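Subject: Structure handover and notes

Dear colleague,

I am passing the structure on to you with this message, and my notes on what was found in it follow below. Please read them with the coordinates open beside you.

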Amino acid sequence: MTLADRLLYLSTLIALPFVYLYFWQPVQNARYADIHVEGHHQKRISLNKNQVLHVHGNQGDSIIEINNGKIRFKDSPCTSKRCVLSGWLQHSGEFAACLPNRISIALLNHADTNRYDSINF
Amino acid sequence: MKKFFVVFLVAILLGGCTPKPQEYRDTLFVFGTVVNITLWGVEKTKAEQAIKDIEKDLKYLHVVWHPWRFGAMSRTNELLAYQEWFSANPSVLPVINKSKKLYKLSDGLFNPAIGQLIGMWSFHHDEILDGPAPDEKKIEAFINDLPTMDHVEVDNFRIRSTHPKVKLDMGAIAKGMAVERVIDYLRQAGIKNAIVNAGGDLKAIGNHGDRAWSVGIRHPRKDGILAGLEVHDNESVFTSGDYERNFVDEKGKIRHHILDPRTGYPAKGTQSVTVIHSDAGLADAAATALFIAGPSQWLKIAKQMGIQQAMLIDEHGKVLMTPAMAKRIQFEIEPEQKEIVALP
């Protein structure tokens, strides 16, 4: 076993408890989705509002649908359609991406109080 | 392979060293309210200096524009009572001139000349206490001989009133103009990304890093956020609501501070109005005017004042939105009734 192998095993061991906590924490329905294009935050959208979005990516428009608190890639210009096959997402922490089109969706529940930069009233 | 693992591990470890987002937040208790300022991508020393300067400026403006405490506006009011021409203090002229224009555009619903009426209702105090509503006859007498911004004449730097009851209270525009001034200062200081929130009303410039500023609009009747929206460069979001600055009168009735100059009483029919516009002073005055206009007239007044993006929640909780507002708003609490209504 080389030094690099040992370091890899060590980092895996360190990461294990966090992975456990991440996957075994109670699942909550998401309220928002963050859409990133080319790694840049494009939009934060509420899953309360049913709508269809056309998000422009590297290869064209990905069609993202929101319905009854769920979100999915309805269509995308990629050939594999893996993003579409990911199906509906509804729980916080869920994630789907169309890698060829460089578009990703990450779901959030916003349990934290600072989900907005500022509050208007 | 060995090299790959080392590079992989180093990359992971270095990931932890990534600097935290450059967000600088500060809260000021000035201008009779709480002012929250968030800056993005500004060096800490520069941010601290900017906040200090802003605090000084807002303290100054609070004194200058306060109609009831010794300062330029209260002195202006004393001199207006003589109904003779005098040389106005330059610090109050911009807000008076802007108010005259907005008074006309709002069909008189935004009327800062009714300071005496505001005083009758005791809404001029910083803290609003429960107590009796003013005498009906006094209100009636005031409304029958209503002072307006048309009674305030301006000739360059000279000014006079042609009505003995004119008393200027800029409460429905001062916050907006102050926010505008803070934003101007930030721009001059080379700060490109900021959000300035004065007592719930705000203006943003630039972005929050690689995304737009995210703003939540508080629900007028429930705890929590009614809706969220992205606020872009040079946009202000102002809300007037009946849940702010109110008191319970001797009959147990809740009386809020948005007075209808047509009746002399708190405006009816509306819970809140939210307006988005590039000019914070205009957005502030328009939110008040549309609130007073109510569900039957708000679209007409919005159009006259150049407001494209507005939302009104009527007394039953029904949400009315202009098409431009509906496009960008994301409800957190879905309203039972909502309607998109086009401007005339």
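How many bridges join strand 6 of chain A to strand 7 (residues 103-108) of chain A, and do these strands run parallel or antiparallel? Four bridges join the two strands, and they run antiparallel. Within this pairing, A:Ala96 has A:Ile105 in strand 7 of chain A as its bridge partner. Please keep in mind throughout that this is a predicted model, for which the scores are ipTM 0.89 and pTM 0.75.

The pair belongs to an open sheet of four strands in chain A, with the order 2-1-7-6 and antiparallel pairing. Strand 2 (40-46) and strand 6 (95-98) of chain A are its edge strands, each of them pairing on one side only. On average, neighbouring strands of this sheet are turned by 20 degrees against each other, direction ignored.

Turning to chain B, the average pLDDT is 92, and 94% of the residues score at least 70. The chain has nine helices and 17 strands, and 43% of its 344 residues are buried. A compact globule with 344 residues would have a radius of gyration near 20 Å, and the 23 Å of chain B agrees with this. Taken along the principal axes, the C-alpha atoms of chain B fill a box of roughly 90 × 50 × 40 Å. Of the contacts in chain B between residues at least 6 apart in sequence, 60% join residues at least 24 apart.

Chain B contains an open sheet of nine strands, with the order 1-2-6-7-10-13-14-15-17 and mixed pairing. Strand 1 (23-30) and strand 17 (338-340) of chain B stand at the edges, and each has a single partner strand, so one side of each is left without a neighbour in the sheet. From one strand to the next, the twist averages 10 degrees.

Within this sheet, strand 7 (residues 201-205) and strand 10 (residues 235-241) of chain B pair in the antiparallel sense over three bridges, and B:Leu202 has B:Val237 in strand 10 of chain B as its bridge partner. Helix 2 (residues 44-65) of chain B packs on the sheet, where it touches strand 1 and strand 2 (33-40) of chain B, and its direction makes about 20 degrees with that of strand 1 of chain B. Strand 10 of chain B is also joined to strand 13 of chain B by six bridges, and these two strands run antiparallel; here the bridge partner of B:Ser240 is B:Val273 in strand 13 of chain B. Strand 13 of chain B is in turn joined to strand 14 of chain B by six bridges, again in an antiparallel arrangement, with B:Asp314 in strand 14 of chain B as the bridge partner of B:Thr270.

Is strand 13 of chain B covered or exposed? The strand is mostly covered, for eight of its eight residues are buried. Helix 8 (residues 280-304) of chain B lies across strand 7, strand 10, strand 13 (270-277), strand 14 (309-314) and strand 15 (319-321) of chain B, and runs at about 130 degrees to strand 13 of chain B.

As for the two chains together, 30 residues of chain B are in contact with 19 residues of chain A. Several elements give two or more residues to the side of chain B that touches chain A, among them helix 1 (2-15), strand 6 (194-198) and strand 16 (330-331) of chain B. Strand 8 of chain B gives the most to this side, with six residues. The residues of this side divide into eleven nonpolar, twelve polar and seven charged. Three bridges join strand 8 (residues 118-120) of chain A to strand 8 of chain B, and the two run parallel; in this pairing, A:Ser118 stands opposite B:Val215 in strand 8 of chain B.

Finally, two loop residues of chain B may be worth a look. B:Gln83, in the loop between helix 3 (72-80) and strand 3 (86-87) of chain B, has a positive phi of about 55 degrees although it is not a glycine. B:Asn234, in the loop between strand 9 (225-231) and strand 10 of chain B, is not a glycine either, and has a positive phi of about 70 degrees.

With best regards

Notes:
Residues numbered from 1 in each chain as written. Chains lettered and ligands numbered in written order. Predicted model: local features only at pLDDT ≥ 70, side-chain atom pairs only at ≥ 80, totals over all residues. Pairing = 2+ DSSP bridges. Axes fitted to C-alpha atoms, helices over the stretch in contact; angles between N-to-C directions. Contact = placed C-beta atoms within 7 Å. pLDDT = per-residue confidence, 0-100. Rg over C-alpha atoms; globule rule 2.2 N^0.38 Å. Buried ≥ 20, exposed ≤ 12 C-beta atoms within 10 Å, placed from the backbone. Nonpolar A, V, L, I, M, F, W, Y, C, P; charged D, E, K, R; others polar.
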